[in-house]
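Subject: Structure handover

Hello,

Here is the structure I said I would pass on.

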Amino acid sequence: MSFCFFFSARVGGAMEGVLTEYPVLPNVFLFQLHGYNMSVSVKFLFLQPNIINMAVITLTTGWVDDFYVAAVKGILLSAVPAIQIIDLVHQAPSFNTGIPYAAYMVKHSYAYFPKGTVHLISVASEYSQDTPFVAAYYDGNYFIATDNGIFGLLFNKPPDAMVRIEKFTDEACPNYPAIPVFAPAAVHLAMGGDINELGSTYPDYRQKGAILATVDESSITGTIIHINAFGNVITNIMREDFDRIGKGRSFVIMVQSTRHQITRINKYFHETSRGELLALFNIAGHLEIAINKGKVAQLLQLSLESNIIVKFSNGK
């Protein structure tokens, strides 16, 4: 068996060595050399290469300009220096409004990560009897969050496994569970630990479904679900619904009112003149409204849940 290792030492002479499995973390081994009659301590931390490759943890939080993100990263790196930590987003809105935002970001990005990646989500994460701490295994990835409705937004079907996290508690830091609960649970999973060792089975997660666009024979009424850094607005109108209802017919997209209309779908942003309104479908299949080289949300005073209506003609 081959290993990669991390090394620390104090100089010494005659030594003896002991190889033991590292406490708590499976597939991690600690090799210690101890010297005779002198001050010596040499430690090697061995990790199997395939375990290193799968040790990826993403962070999704609402902690802007605060030390909590650094604290979580410190816990993860102190446990296993080889862990790769990816900042997914730290600008989730405060309180419950951040839940659909975080779900949108994680849902449309997790599939691009290696199988076995752990997604730590700390948004509206305070514990209560109705919102316990939960770990789930879904589509080859692990998800750790409070059951505040985010799992219902993330998953299109029941997860392969879901447990209430009981191995770790938030007694030491009750308002910030990412530090005492989510971080050690994430390390456990990232290093190959069994999800069932974290706690008991938890099958009845909150089914807070996404707000869907409403459709009829000749129209789709959607809402804005996300505003990105460019001021573009993302709607809950999906490409498959647009194609299914439209059937190739001409259309008008009305942004907030009949005053602002779009009559074509772009492939590229630059296909529309600078300063003009445009629409396209983003990589996740959502209808996105933008202004070329401008911020449509600010200019048209759009906000989350503002209406976007697509009307199709009766003929071609």
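The notes below cover a helix, a strand with its neighbours, and the salt bridges.

Please keep in mind that this is a predicted model.

Helix α2

Helix α2 is made of twelve residues, 68-79.

Which residues of α2 are buried? They are Y68, V69, V72 and L76. These residues cover an arc of only 110° around the axis, and therefore they sit on the same side of α2. On the other side of the helix, A70 and S78 are exposed. The cover over the buried residues of α2 includes strands β5 (56-61), β6 (84-89) and β7 (118-122), and also α5 (178-190).

Strand β13 runs over residues 233-238 and is mostly covered, with six of its six residues buried. V233, T235 and I237 point one way from the strand, while I234, N236 and M238 point the other way. Both sets are buried.

β13 pairs with strand β12 (residues 219-227) through three bridges, and the two run antiparallel. Within this pairing, H226 has I234 of β13 as its bridge partner. The hairpin of β12 and β13 has five residues between the strands, and in it G231 takes a positive phi near 80°.

β13 is also joined to strand β17 (residues 286-291), again by three bridges and in an antiparallel arrangement. Here V233 stands opposite I289 of β17.

Salt bridges

How many salt bridges does the model have? The count comes to four. I describe some of them here.

K73 and D87 meet through their side chains in a salt bridge, at 2.8 Å from N to O. K73 is in helix α2 and D87 is in strand β6, so this pair ties together parts that are 14 residues apart in sequence. The strand in question, β6, is among the elements that cover the buried residues of α2. K73 has a relative accessibility of 24% and so counts as partly exposed. D87 is likewise partly exposed, with a relative accessible area of 38%.

K115 forms a salt bridge with D139, and the closest N and O atoms are 3.7 Å apart. K115 lies in the loop between α3 (98-107) and β7, and D139 in the loop between β8 (133-138) and β9 (141-146), so the pair ties together parts that are 24 residues apart in sequence. Is K115 buried or exposed? With a relative accessible area of 56%, K115 is exposed. D139 is partly exposed, at 37%.

D241 and R244 also meet in a salt bridge, at 3.0 Å from N to O. Both residues lie in helix α6 (residues 239-246); they are three residues apart, and so about one helical turn separates them. R244 is partly exposed, with a relative accessible area of 46%.

After that, go to β13, which has β12 joined to it by three bridges and β17 joined to it by three bridges.

Regards

Technical notes: Residues are numbered from 1 along each chain as its sequence is written. This is a predicted model: local features need pLDDT of at least 70, side-chain atom pairs count only at pLDDT 80 or more; totals for chains, interfaces and linings use all residues. Side-chain values use heavy atoms; hydrogens and water are left out. Helices (H or I, at least four residues) and strands (E, at least two) are DSSP runs, numbered from the N terminus. The expected span of a helix is 1.5 Å times one less than its number of residues. Buried means under 20% relative accessible area, exposed over 50%, partly exposed in between (1.4 Å probe, protein chains only). The arc is that of the directions from the helix axis to the C-beta atoms. Contact means heavy atoms within 4.5 Å. Two strands pair if DSSP finds at least two bridges between them.
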